[in-house]
Amino acid sequence: MELYLFLVITCCLQSVSADTASRFVAPGFDRETDLVLTSSEEAELRRLKRQAELPDSEPTITSYHIISTVTARYVSTSVITTVENNADLSQEVQFGFRFNPEAFISGFVMIVDEIAYEAQVREKVAAQKAYNEAKRRGQSAAQVRQIDKSTSRFSVDLNLEPKKTVIFNLTYQELLRRDEGQFIHGLNVEPGQIVEDLRVEVNIIEPQGISSVEARWTPHDDSLTPLVSFTPLSTRASVLFTPSTSLQSSAGAEGLVGAIEVTYDVQHDLTGGDIQIVNGYFVHYISPEGIPPAPKKVVFVIDVSGSMAGQKIDQTREVMIEILSQLREIDYFNVLAFSQGVSNWRQSVVQATPSNVANAQTFVRNLQAGGGTNINSALVAAARQVDETDEAFPAMFLLTDGRPTWGVTSTQAILDAVKEETEEKVALFCIGFGTDVDDQFMERLGSENQGLYRKIYVDSDAPLQMRKFFDEFATPLLYNIAVQYQDDAVETNTLIGGDFISYFDGKELVVAGKLSEGFMGTKLNAVVTAKGRDRDFELEVTQEVEEELDPNMVEDFSQRMWAFLTIKDLLAREKLSSVPEEKAALKERALALSLKYSFVTPLTSLLIIKPPETTPTAPPPTTANPPTAIPLDNSAAASSAPKLDPSRLPVASGSGSVGGDPHIVIDVPHSNLTICFDLQPSNGTIISLLSDPQLGIYVNAEIVERRLSGQNQDHAPSRHPSYLGRIGIVLHDYRVLITDEAIMIDSEIKLSWSERRSVVIRDFNITVYGTNNLTVAIGGVIHMKVCFWNSARTDQKHLNFEVVNSDRFSPEVGGVVGQFQYKQLFLKNPNHGLTANNHTRGVMEIDGKDRFVVMQKERVERVYDCWWSKSKSYIGDDTQYFVTGLFSDSK
């Protein structure tokens, strides 16, 4: 696996004549250091630069981070680049990179002036038109598109506005395939310049258990060795690479040019594998260990037509003699050579005894090239010798350098003939030798017959390439493999994989799919049946459906892996199909999934356009008469308390409400999430709703229970409904006591719920609106609200508390409500089925752990749609928020 990443920075110029330009820059000269100009020439150069709008400085990369997370083979990699354009003109940056053909770009974010603009996936032609129009208008814009389908070479075109610092965050995803007993993850590092802040980080999470991890820099350099952190048999490992600028400089003026290569493997045993389930989607890895090699029945089909003469036939003889020597005595084989006709070494397959192998090697040594290319007759003859049985793994190896020129020359007719003979139960591995091969035909031959196609170029290491290809499939361990899941557990039409013709040493089989909508089981069971050496195998595995997840895993990785594999399968089938209607249908399905999961495929692009600056419109002036403000002078207190400067505090806008039994409703800052939970402390308990030691603000509330009397008392529940009875607010040295009767400020000023009045104390404004509503404004940027309720139905008086606006709480803010100002919550799945009461169930990451949440309606003054869970899920043990008094700042 190879991954190449490079950055090319250019600028947009008006035309300058070559004659004029050559007066200033001679070939081989460095413009900055080698060129000496007269004063008149310098003036002329400045004029030409203005005329050509040539920026004085090119964009500079100030940070370059590659962060990669591997979750059960599925990789999500983010390339985060900060670019500064200090010129007075817009400049275009072309950010190109190349990685393995299995990867899809999955996201792109551009951050300008602290505002994040996330790309939207578009159909490719529509995205290109939109990008061109944005560029014409001079807007910052970026486009991610696939340039070359065969090499997965992508580019990002970035038009940077003048005097801007832009952060580009590009994410791509891929699936690691096991090869020769290990997984290889490559990350190319080639920023194009020396970067002050360069960091490559790889985090591996493998629930199956990690057996080994290695990392190296290529080309090899002892001074550029990545740091590996790993404990054998654990489920996590990490790799870190942070070269200094001096180490980067040692590689040249353009910095590092190379790659980080991480290799690792997981624990294997003789079971049905490992299953990972997330949000109704699963991925099943099968790699049993401790199985002896199975016998194989293989026919080698060698092209000896005239085009093979010379170096090709010489190299073919060399490699075939070595391959034959690697056959085991349990194997059966034959060798067919073909040009216009077919020449058999034997009329049927024979056992690979030493004498048979030696005779076959003699046959190969005497092969001579000449004649046409009759691929059809050769493959049909070979297929009839390796008809599928239970005795051995059946396979054919085809080596050719050309196209069918003799006999049946229609590629579709050849495909049909081969499939008719093999009934798609024989693996066909194809090697295309040289540049004259029909690659699409050979790829279809391999993929439609349970095999693979590999192209090999004619050069000195061609024999090595051929040997390596054969070695990958020389040791089958199992064949005729079937994977079954319990009845009604899996939607069979979603399965990718499930039946395999073979499992080879050092490889891994992968199945992905979706659990059935009506599946109510707590475990998923799988049985893998297969043929092996001298016995049949039946391997089992069971996985809990709702096992707690590692919070550092790639989000929804099993669903995204299923989508990834499905798109790959659809694109491959579309490419191989020769039926126009079928091709269109496959392409349409692949496009729909690409759009749904925001994958950049050969069918789509990601497009982002920064909208032009707009002037915010001021809110209309209020027409209501504000309450009368009464300033309160307390110079002693004012001098002892630090002056608030909310503008210096971070912004964390959000709101939270507490009321009722009591119910807690939080509009989580920086998200569209509304969460809710209940508290059930005993009567008289005082809880901390909000505390900010840095600002000197504390809000505590006393819980009171509603007692039932009379007939209702006989049917009273074990726990009485409870409410907020009294609230105490500390504002530096001031204390505000709020009850259902009145509001007291420092025991000196008493405000009635029925009057309209404001009290201003330094940066605090306490206002009663005469409608049982009170607000506390702090520094003009933090607003809290308390409402007095007197229910005629229940004859219960109580208070509700709400943080209306919280733009400037400090990072130290805490309490039942306050802690959510900077708390990290992520809704990972908004639709994880229904509860018994038909409420939507979701999965939310809270403090690094996945918790189930339920969508329901909660009333605190008004009705909220919110994600409810137990208080323990959101805030932990609620006793940690119990305090000793209404004006306490701690327990």
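Leaving aside neighbours within four places in sequence, Phe 441 is in contact with Ile 375, Pro 404, Thr 411, Ile 414 and Leu 415, where contact means heavy atoms within 4.5 Å. The model is a predicted one, in which local features need pLDDT of at least 70 and side-chain atom pairs count only at pLDDT 80 or more, whereas totals for chains, interfaces and linings use all residues. Residues are numbered from 1 along each chain as its sequence is written, and side-chain values use heavy atoms, with hydrogens and water left out.

Phe 441 lies in helix α9 (residues 439-447), helices (H or I, at least four residues) and strands (E, at least two) being DSSP runs numbered from the N terminus. Phe 441 is buried, with a relative accessible area of 4%; buried means under 20% relative accessible area, exposed over 50% and partly exposed in between, with a 1.4 Å probe and protein chains only. Between the C-alpha atoms of Phe 441 and Thr 411, which are 30 residues apart along the chain, the separation is 6.5 Å.

Helix α7 (residues 375-385) packs with helix α8 (residues 411-422) at an angle of about 10°, their axes being 9 Å apart; axes are lines fitted to C-alpha atoms, for helices over the stretch in contact, and angles run from 0 to 180 degrees between N-to-C directions. The two helices α7 and α8 are therefore roughly parallel to each other, a term applied to angles under 35 degrees, with those over 145 roughly antiparallel, 65 to 115 roughly perpendicular and the rest oblique. On the α7 side, Asn 376, Leu 379, Val 380, Ala 383 and Arg 384 meet Ala 413, Ile 414, Ala 417, Val 418, Glu 421 and Thr 422 of α8.

Elsewhere, three strands form an open sheet in the order β17-β18-β28, with antiparallel pairing; two strands pair if DSSP finds at least two bridges between them. Strands β17 (274-278) and β28 (509-514) stand at the edges, each with a single partner strand, so one side of each is left without a neighbour in the sheet. Neighbouring strands of this sheet are turned by 15° against each other on average, direction ignored. Helix α11 (residues 557-576) packs on the sheet and touches β17, β18 and β28, its direction making about 75° with that of β18. Five bridges join β17 to the antiparallel strand β18 (residues 281-286), and Val 278 stands opposite Tyr 281 in β18.

For the protein chain as a whole, there are 15 helices and 51 strands, and 51% of the 891 residues count as buried.
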